[in-house]
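Open the model in a viewer and keep the selection tool at hand. The stops below say what to select next and what is there.

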Amino acid sequence: MAKNFGKKIKNIGIFAGFGLPATIIWASVVLIPFIYGIWITFTDWNGLAIDINYVGVQNYLEVFTDSTFVTAFFKTVIYAFFTVIASNLVGFLLALAVTSGIKGQSFFRTGFFTPNIIGGIILGYIWNFIFSYALTTFGKSIGVEWMSTSWLTHPTRALIALIIVSSWQMSGYLMVIYIAGLTNVPKELLEAAYVDGASGFQVVRRVKLPLIKNSTAICIFLSISRTFMSFDMNLSLTAGGPYKSTELIAYKIYQTAFTSMEFGKGQAQAIVLFVIVAIISLLQVYFTRKGVDEQ
Amino acid sequence: MSKTKKKILFVITLVVLIIFMVPFFILVNNTFKPTGEFIKTPFALPKNFTLENYTVAIDRMNFWKALYNTAFITVLTVVFNMLVGSMTGYFFARKKWKVNKIVFGSFLASMVAPFQVYMIPLVRIYAGKFGLSNNLLMVVYIAVGLNLPFAVFLYKGFTEGIPEELDEAARIDGCGFTRTFFRIIMPLLKPIIITVTVFVAMGVWNDYLMSSLFLTKTHTKTLAIAIKTFLTNHSAEYSPMMAGLLLGILPMLAFYLIGQKYIIEGVVAGSVKG
């Protein structure tokens, strides 16, 4: 009895020292703000008013009836679609090249990965200069009309610019994950395929691709959720412009909350983004687990 | 693959890499020109070579202060995250109590949510209710919290790969739970500490959104915020702006060139969450 009691005290001590700090920090930065955030969505709080009124589910209804948010959502889907395809394609091809036994593999890996060590704000501004000044000068000198004016002042071209820059950054990141998959493909299998007379393209399609299914799934889901959360580059490259034509969801939420000061509505939009990202993550867990079982 | 084929592929890959790097070449090249020259000939090498853009950028961005603030926040966040994360990871790996399973499960679940969900409430609570805007330690605290679930997840997983017999041997030698962790386990965590540290450090160093919500005064701004302010508030100083961007890249680039292997590993470790 006394021994049990002593052990209990000791366990409480261990919990206080090892478990409690993390739990407290996490609760105060993640859990409480999350619950508090859900409460905010049922109010009309604007950051200034002293009396806060409950408005029920009105903020959520407004999210779906607000045409600017719906537009931002569809723009995000278009942006995500093309960025995911382009960055996965380029990332996979780069990984193939870099694992093919050519010279300087680690040099190439380091080089292509470089954009990922720099923050999106800085990258966006660098490309802002490229699109606004460098490309226009180049366009004028060779007399090409669509390159003589800045892409960032044209709604469709600005979105394309965003897709190009995001793919440029992300392909190096995805490349590393594809490399991890490709280096795990057994060498004997590849040799056997070549001995049987398979062409390089056939080896990629019939041997490499089926064996790196897991890496592919990770890359695709990762790029989808990253594009849906894209904010920094949106801010520094296009700032949502021209005429708010390139506002993606994460940027739109920021605008609603901190420019229009509609906190309830902004938080409701954030919850919608949360649901989208959560579904993507759950699908990822489902598909990658299944992939593991098959192997 | 034949030798000729490999050579051709090498050349193609090299050309692609050079195209990839063009934005950086253009950036570096133009930081040494006066703005007028950049507008007229953005691709040519500098005719009127100047370093003045850098002095202007350093002055406008309050560069040294911003660099200090960024380093301060990053180092403290990394140290606290490592300490709390590894202790909790060890605790959850060794004591499979019901409470621990519930808390760990909640940690995991919260990793799904994007920062946008916490953004407004965090501002309301910490900047609004507690009035802690422009407090670097506040940003450290929030950064530690936001990165904890991921860190605990990795530390717990790694600790589970360390045989429990080690703990028992230490206990027989008279080590308690705490001593066992700091003397025996923590040194073995080195590889995972590097991974988590790199991931957290890169995220915090490059963070704009979260820190910009709390750090608004000139003397508290981090590099990313200082650059953003400089480029939004000053018009037509293009060459100094590009010098500012390059200054913002250099510290990270230096680290990258030293520890590229760890950095690539650490950054990509983010993809295993979920």
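Start by selecting helix α12 of chain B, residues 223-233, which is mostly covered: 8 of its 11 residues are buried. A residue is buried if 20 or more other C-beta atoms lie within 10 Å of its own, exposed if 12 or fewer, and partly exposed in between, with C-beta atoms placed from the backbone. Helices (H or I, at least four residues) and strands (E, at least two) are DSSP runs, numbered from the N terminus. This is a predicted model, in which local features need pLDDT of at least 70 and side-chain atom pairs count only at pLDDT 80 or more, while totals for chains, interfaces and linings use all residues. Residues are numbered from 1 along each chain as its sequence is written, and chains are lettered from A and ligands numbered from 1 in the order in which they are written.

Within α12(B), colour the buried residues: L223(B), A224(B), I225(B), A226(B), I227(B), K228(B), F230(B) and L231(B). What covers them? The cover includes α5 (120-142) of chain A, and from chain B it includes α3 (52-61), α4 (63-94), α10 (190-206), α11 (209-214) and α13 (238-258).

**Across the two chains**

Keep α5(A) and α13(B) from that list and hide the rest. They pack at an angle of about 150°, with their axes 10 Å apart. Axes are lines fitted to C-alpha atoms, for helices over the stretch in contact, and angles run from 0 to 180 degrees between N-to-C directions. The crossing of α5(A) with α13(B) is left-handed; a crossing is left-handed if the near helix is turned anticlockwise from the far one by less than a right angle, and right-handed if clockwise.

Now show side chains. From α5(A), the contact is made by I122(A), Y125(A), I126(A) and F129(A); from α13(B), by Y238(B), M242(B), L245(B), G248(B) and I249(B). Two residues are in contact if their C-beta atoms, placed from the backbone, lie within 7 Å. By class there are 8 nonpolar, 1 polar and no charged residues here. Ala, Val, Leu, Ile, Met, Phe, Trp, Tyr, Cys and Pro count as nonpolar, Asp, Glu, Lys and Arg as charged, and the others, Gly among them, as polar.

Next, select the whole contact of the two chains. How many residues does each chain give? Chain B contributes 65 residues and chain A 63 residues. On the side of chain B, the largest share, 10 residues, comes from helix α1 (residues 3-30). That side of chain B is made of 51 nonpolar, 12 polar and 2 charged residues.

**Inside chain B**

Select helix α5 (residues 98-110) and helix α7 (residues 136-160) of chain B. Their axes come within 9 Å and cross at roughly 120°. The pair α5(B) and α7(B) is therefore oblique; angles under 35 degrees count as roughly parallel, over 145 as roughly antiparallel, 65 to 115 as roughly perpendicular and the rest as oblique. Their crossing is left-handed. At the contact, F107(B), L108(B) and S110(B) of α5(B) meet P149(B), V152(B) and F153(B) of α7(B). The classes are 5 nonpolar, 1 polar and no charged.

Then go to N62(B), in the loop between α3 and α4 of chain B. Its phi is near 55°, a positive value in a residue other than glycine. N62(B) is partly exposed, because 17 other C-beta atoms lie within 10 Å.

**Inside chain A**

Move to A80(A), which lies in helix α3 (residues 67-98) of chain A. Is A80(A) buried or exposed? A80(A) counts as buried because it has 22 C-beta neighbours inside 10 Å. Leaving out residues up to four places away in sequence, A80(A) touches I224(A), T227(A) and F228(A).

The contact of α3(A) with α10(A) has 7 nonpolar, 7 polar and no charged residues.

Finish at A239(A), in the loop between α11 (232-238) and α12 (249-259) of chain A. A239(A) has a positive phi of about 50° although it is not a glycine.
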